[in-house]
Amino acid sequence: MNNNELEKCWNDYYKHHFLNAKNKLIEHYYSRVITIAYKTHNQFANHNAEFQVGDLISYGSSGLIEAIEKYNPNNSAKASFMSFAYPRIKGSMVDGMRQEGSVKRRACEILRLYDTVRQELRSSL
């Protein structure tokens with residue numbers, strides 16, 4: 001999807017809540033969920049966590065949908081969608097693992113701290 005089509009989808013969804021536009025946005029950003037899921041899986045591999053990448057993708061998809069529903073493309077701060085969505089996608093994955101008991105709470109806290117520091121470093125560069 002090119003930038004014009006993406007902008008049209010955001011406008012159609014944000015102004016009119018067209019389901020078709022929402023579905024196109026989900027399809028467009030779904031590959032990002034997969035990337036985040038693999039990175040998260042690799043980060044937790046050292047914690048002897050028992051979970052599948054498919055589970056992370058499922059949890060992350062919920063976070064993606066939530067982010068699309070809450071994102072305001074007309075916000076004056078104009079944060080990119082992925083800057084807005086990343087913490088929601090990653091948080092949904094971590095919450096899902098924790099609810100299933102696949103990962104101990106301390107490991108989740110460490111991962112969240114790592115992500116916070118990484119985001120702060122990116123924003124300061």
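A residue is called buried here when its relative accessible area is under 20%. The views below show a predicted model.

**View 1. Buried residues of helix H3.** The buried residues of H3 are Val53, Leu56, Ile57, Tyr59, Gly60, Ser61, Gly63, Leu64, Ala67 and Ile68. Their cover includes helix H1 (3-16), helix H2 (19-44) and H4.

**View 2. End-to-end span of helix H3.** Helix H3 runs over residues 53-70 and has 18 residues.

View 3. Lys90 lies in helix H4, which covers residues 81-100. Lys90 has a relative accessible area of 4%; because the cut-off for buried is under 20%, Lys90 counts as buried. With neighbours within four places in sequence left aside, Lys90 is in contact with Ile36, Thr40, Gln43, Leu111 and Asp115. For Gln43, there is also a polar contact between its side chain and the side chain of Lys90, at 2.9 Å.

View 4. Leu113, Val117 and Leu121 make a nonpolar surface patch of about 280 Å². One of these residues, Leu121, is placed in helix H5 (residues 105-124). The relative accessible area of Leu121 is 52%; exposed means over 50%, so Leu121 counts as exposed.

Technical notes
Residues are numbered from 1 along each chain as its sequence is written. This is a predicted model: local features need pLDDT of at least 70, side-chain atom pairs count only at pLDDT 80 or more; totals for chains, interfaces and linings use all residues. Side-chain values use heavy atoms; hydrogens and water are left out. Helices (H or I, at least four residues) and strands (E, at least two) are DSSP runs, numbered from the N terminus. Buried means under 20% relative accessible area, exposed over 50%, partly exposed in between (1.4 Å probe, protein chains only). A polar contact is a pair of N or O atoms within 3.5 Å; within protein, one must be able to donate a hydrogen and the other to accept it, and residues adjacent in sequence count only if both atoms are side-chain atoms. Contact means heavy atoms within 4.5 Å. The expected span of a helix is 1.5 Å times one less than its number of residues. Patches are made of residues with over 30% relative accessible area and no salt bridge: like charges are joined within 9 Å, nonpolar side chains (Val, Leu, Ile, Met, Phe, Trp, Tyr) within 5 Å. Accessible areas come from the Shrake-Rupley method with a 1.4 Å probe; for residues, only the protein chains shown count as cover. A salt bridge is a side-chain nitrogen of Lys or Arg within 4 Å of a carboxyl oxygen of Asp or Glu.
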